Amino acid sequence: GHPSRGHTAAALFATLTLGATAQTTVVIPCAADNTFYLDLTGQTSNGSGGTFFSGFNGVGIKTRALLRFDVAAAVPAGASIVSARLTVESQQSQYALPLNLTAHRVLQAWGEGASVGVSGGGFGAQAQAGDATWLHASYPTTFWTTPGGDFAAPSFVMPSQAFGLSNSIEGPETVPDVQFWLDNPAQNFGWILISDESLVVGPTARKFTSRNAGAGTRPTLTVNY
C-alpha cells in the first residue's frame with residue numbers, strides 16, 4: 001500500500017535532520033612554515049629546514065614559529081566551520097615538562113625562503129630571499145610593523161609535550177580564525193606559535209617536524225565543516 005502522509009513527513013524530516021548534522025572532515029597539510037630568531041639585525045631564519053622551533057634555544061635566543069594552512073583550497077567557499085585541530089610533532093626538547101604554546105593570527109604576509117638552520121635548526125642560518133626574520137616579514141625588503149611579528153591577541157593556548165604529538169584543544173577557540181581564512185583567503189597569513197617566554201629556566205625550545213621533513217608527522221590542520 002501507499003505510505004501514510006504522516007510517515008512521509010517523518011521520513012522527510014529525518015532526511016533533513018541527517019543532512020543538517022552530517023559533517024565533512026578534511027586534513028589540511030601545512031602550506032608554509034618558518035622559524036625566526038631574536039636577532040636585532042634581522043639576518044637569521046630557518047625557512048626550508050626539516051624542523052621549526054618555538055621557545056628559547058640552547059644559548060637563550062628566543063625563537064618563534066610561523067605556520068600557514070590553505071583552508072580555502074580544502075574547504076568549499078561558504079561552508080560553516082564546526083571545529084578545527086592543529087597537530088604538530090615535537091622531535092626533541094631540553095625542557096621535559098608540558099609547555100604551553102600560544103597561537104596568534106598573523107596580520108601580515110610572510111615568507112619561507114631557502115634558509116636551513118644549523119644545529120638541526122635550533123640556530124638560524126643566514127636569511128635568504130623571502131624569509132621571515134625578527135625584523136622582516138620577507139627578507140630583505142618587507143619589514144614587520146613590529147619586530148618579532150605582527151599578530152593579533154591570542155586565539156588559543158596549545159599544550160605541548162616534550163616529545164611526540166601535540167594537539168590543540170578541539171574547542172571553539174580555533175574556529176574563528178579558520179572561518180576567517182576560509183571567508184577571506186587573501187588575508188590568510190596563518191598563526192605564530194609563541195612559547196611561554198616568561199620562563200627563564202634554561203632552554204625551553206621545542207624542536208618540531210616541519211613540512212619540509214623527510215619523515216615524521218608534518219603539521220596538519222584537521223577541519224570539520
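Guide: A salt bridge here is a side-chain nitrogen of Lys or Arg within 4 Å of a carboxyl oxygen of Asp or Glu. Glu170 and Arg85 meet that way through their side chains, at 2.8 Å, N to O. The model is predicted, so local features need pLDDT of at least 70 and side-chain atom pairs count only at pLDDT 80 or more, while totals for chains, interfaces and linings use all residues. Residues are numbered from 1 along each chain as its sequence is written, and side-chain values use heavy atoms, with hydrogens and water left out.

Visitor: How many salt bridges turn up in the whole structure?
Guide: The search finds 5 salt bridges.

Visitor: Back to that pair, where do Glu170 and Arg85 sit?
Guide: Glu170 is in the loop between strand 11 (164-167) and helix 3, and Arg85 is in strand 5, so they are 85 residues apart. Helices (H or I, at least four residues) and strands (E, at least two) are DSSP runs, numbered from the N terminus.

Visitor: How accessible is Glu170?
Guide: Glu170 is partly exposed, at 35% relative accessibility. Arg85 is partly exposed too, with a relative accessible area of 24%. The cut-offs are under 20% relative accessible area for buried, over 50% for exposed, and partly exposed in between (1.4 Å probe, protein chains only).

Visitor: Which residue does Arg105 pair with?
Guide: The side chain of Arg105 meets that of Asp177 in a salt bridge, 3.7 Å from N to O. Arg105 is in strand 6 and Asp177 in helix 3, 72 residues apart. Asp177 counts as buried because its relative accessibility is 7%. The charged end of Arg105 also sits over the ring of Phe180, 4.3 Å from its centre. For that label, NZ of Lys or CZ of Arg has to be within 6 Å of the ring centre and within 35 degrees of the ring normal.

Visitor: And what about Arg211?
Guide: Arg211 forms a salt bridge with Glu112, with the closest N and O atoms 2.7 Å apart. Arg211 lies in the loop between strand 13 (206-209) and strand 14, and Glu112 in the loop between strand 6 and strand 7 (125-126), so the pair ties together parts 99 residues apart in sequence. There's also a network of salt bridges linking Lys62, Arg64 and Glu197.

Visitor: Switching topic: which residues have the most contacts inside the largest nonpolar core?
Guide: Those are Val75, Leu86, Val178, Trp191, Leu221 and Val223, in a core of 27 residues. A nonpolar core means buried Ala, Val, Leu, Ile, Met, Phe, Trp, Tyr and Cys residues joined through side-chain atoms within 4.5 Å.

Visitor: Which element supplies the largest share of this core?
Guide: Helix 3 does, with 4 residues. Its buried residues pack against helix 2 (71-74), strand 5, strand 6, strand 10, strand 12 and strand 14.

Visitor: What is Leu86 in contact with?
Guide: Leaving aside neighbours within four places in sequence, the contacts of Leu86 include Leu67, Phe156, Met158, Trp191 and Leu221. Contact means heavy atoms within 4.5 Å.

Visitor: Where does Trp110 lie?
Guide: Trp110 is in the loop between strand 6 and strand 7, and it is buried, with a relative accessible area of 13%. Its side chain reaches the backbone oxygen of Phe189 at 2.6 Å. Beyond its neighbours within four places in sequence, Trp110 is in contact with residues including Ala132, Ala137 and Trp144.

Visitor: How many aromatic pairs are there?
Guide: There are 5 in the whole structure. Rings of Phe, Tyr and Trp (its six-membered ring) pair if their centres lie within 6.5 Å; planes under 30 degrees apart count as stacked, over 60 as edge-to-face and the rest as tilted. The rings of Phe36 and Trp144 have centres 6.2 Å apart and planes at 50°, so that pair is tilted. Phe36, Trp134 and Trp144 form one aromatic cluster.

Visitor: Are the rings of Phe52 and Phe208 stacked or tilted?
Guide: Stacked, because their centres are 5.1 Å apart and their planes are at 20°. Phe52 is in strand 3 (residues 51-56) and Phe208 in strand 13, 156 residues apart. Phe52 and Phe208 are both buried.

Definitions and conventions. Polar contact = N/O pair within 3.5 Å; in protein donor to acceptor, adjacent residues only side chain to side chain.
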